[in-house]
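This report describes the overall build of a protein model and then turns to its charged side chains. Please keep the sequence and structure in view while reading.

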Amino acid sequence: MSDQRFIIEMGMGNDQYGQDYQKAARRAIEDAIRHSSIPLFDALDLDHAAMRVQVTVGVQNPDAIDCAALTACLPRGRVTVTTAHGGLNVTNPDSGNVIVIATAAVEAFLPHQG
């Protein structure tokens with residue numbers, strides 16, 4: 001039985017002064033899920049444990065991300081977090097400060113019924 005995606009949310013997060021990729025990634029995930037409400041589970045009496053959640057985080061330095069720690073950002077489902085080269089680093093030419101920007105895609109899947 002294969003899973004079927006029923007939601008995808010996108011988010012963006014940044015760290016303006018610490019060049020902390022982990023903080024930017026966490027904020028991107030929180031941004032993606034902050035606007036989501038899934039009444040489907042209550043309406044159909046579904047267990048949240050049936051949901052598989054796949055998170056992809058894009059940053060300029062994917063090796064700086066602790067994917068296991070980011071799974072705690074997702075309150076429901078069986079979560080997997082992966083990274084990809086993406087996001088953006090922006091340098092202030094006056095101060096040299098680097099702003100780290102992360103993007104996140106949060107996808108939710110349920111077993112295909114049919």
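## Terms and basis

A residue is called buried when its relative accessible area is under 20%, exposed when it is over 50%, and partly exposed in between, with a 1.4 Å probe and protein chains only. The model is a predicted one, in which local features need pLDDT of at least 70 and side-chain atom pairs count only at pLDDT 80 or more, whereas totals for chains, interfaces and linings use all residues. Residues are numbered from 1 along each chain as its sequence is written, and side-chain values use heavy atoms, with hydrogens and water left out.

## Overall build

The protein contains three helices and five strands, where helices (H or I, at least four residues) and strands (E, at least two) are DSSP runs numbered from the N terminus. Read from that end, the order of elements is β-α-α-β-α-β-β-β, and the C-alpha trace spans about 60 × 25 × 20 Å along its principal axes.

Of the 114 residues in the protein, 32% are buried. If one takes the contacts (heavy atoms within 4.5 Å) between residues at least 6 apart in sequence, 76% of them join residues at least 24 apart. The protein exposes about 6,700 Å², of which carbon and sulfur atoms supply 50%; this area comes from the Shrake-Rupley method with a 1.4 Å probe.

## Salt bridges

Side chains of opposite charge can pair when their charged atoms come close. A search of the whole structure finds five salt bridges, each being a side-chain nitrogen of Lys or Arg within 4 Å of a carboxyl oxygen of Asp or Glu. One of them joins Glu107 and Arg5, at 2.7 Å from N to O. This pair links distant parts of the chain, since Glu107 belongs to strand E5 (residues 98-111) and Arg5 to strand E1 (residues 3-15), 102 residues apart. Glu107 is buried, with a relative accessible area of 15%, whereas Arg5 is partly exposed at 44%.

Another salt bridge is formed by Asp15 and Lys23, whose closest N and O atoms are 3.9 Å apart. Asp15 is buried, with a relative accessible area of 5%, while Lys23 counts as partly exposed at 29%. Glu30 and Arg26 also form a salt bridge, with 3.6 Å between the closest N and O atoms, and both residues lie in helix H1 (residues 21-34), four residues apart, which is about one turn of the helix. Glu30 is partly exposed, with a relative accessible area of 27%, and Arg26 is likewise partly exposed, at 32%.
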